[in-house]
Amino acid sequence: MRTPDPLALLDRLPRGSAVVYRHFGAADRATTAARLAAACRRRGLVLLIGADPALALRAGADGVHLPERMGRDAGRLKRRRPGWIVTAAAHGGGAVHRARGADAAILSPVFASRSPSAGPPLGVHRAVRLMRRARTPVVALGGVSLRRARALKRLGFAGSAGVDVFVRGAGARRA
């Protein structure tokens, strides 16, 4: 887990931002998801639950974020829950293509990342090529700073996502 206390970080996010709760099977996931959903509603944030549509429904989340292996399910899930926001992780061109039924593909890592699960960075040029061929909006993730987010927006990305940009300096430890 990269953010041991996700509730503590919500005040750092601008209205309209999305939060992805990746619970990894935590015993308190239902309680945490419900608390996050309530806090996100109060702050005007969007809550997506990672890889768990049933938990998203129970918690009253705004949708789900699917790991790359579930990207093909995005369109079907979106048809079943048209009001939900559905995003899918993508680490290359094939995954961006498979995510076409999603509201957005989250492409990573664009830059070098401290995430333990991040592979080699795609680099800006490759990420832009993938984004321009995509049939769904693409959000850049991985090593994204505020300066880089502005540059990526100018290049045509639908948005940027990050962890460290919000965690650093917040007193949160990395786990």
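Modeller: Start with a charge over a ring: the charged end of Arg148 sits over the ring of Phe111, 4.0 Å from its centre. The rule is NZ of Lys or CZ of Arg within 6 Å of the ring centre and within 35 degrees of the ring normal. Arg81 also lies over a ring face, that of Trp84, at 5.6 Å from the ring centre.

Colleague: What should I know about the model itself?

Modeller: It is a predicted model: local features need pLDDT of at least 70, side-chain atom pairs count only at pLDDT 80 or more, and totals for chains, interfaces and linings use all residues. Residues are numbered from 1 along each chain as its sequence is written, and side-chain values use heavy atoms, with hydrogens and water left out.

Colleague: How many salt bridges are there in the whole structure?

Modeller: Three. The test is a side-chain nitrogen of Lys or Arg within 4 Å of a carboxyl oxygen of Asp or Glu. One of them joins Asp11 and Arg43, with the closest N and O atoms 2.6 Å apart. That pair links distant parts of the chain, 32 residues apart: Asp11 is in the loop between H1 and S1, Arg43 in helix H2. Helices (H or I, at least four residues) and strands (E, at least two) are DSSP runs, numbered from the N terminus.

Colleague: Is Asp11 buried or exposed?

Modeller: Exposed, because its relative accessible area is 61%. Arg43 is partly exposed, at 27%. Buried means under 20% relative accessible area, exposed over 50%, partly exposed in between (1.4 Å probe, protein chains only).

Colleague: Which residue does Lys78 meet in a salt bridge?

Modeller: Asp103, at 2.9 Å, N to O. Asp103 lies in the loop between helix H5 (93-98) and strand S5 (104-107) and Lys78 in helix H4 (residues 74-80), so the pair ties together parts 25 residues apart in sequence.

Colleague: Switching topic. How many residues does the largest nonpolar core have?

Modeller: It has 45 residues, and those with the most contacts inside it include Leu10, Ile49 and Phe157. Helix H2 (residues 29-43) gives the largest share, five residues. Such a core is a set of buried Ala, Val, Leu, Ile, Met, Phe, Trp, Tyr and Cys residues joined through side-chain atoms within 4.5 Å.

Colleague: And helix H7, how many buried residues?

Modeller: One among its 10 residues (146-155), so H7 is hardly covered. Gly156 follows H7, with a positive phi near 115°.
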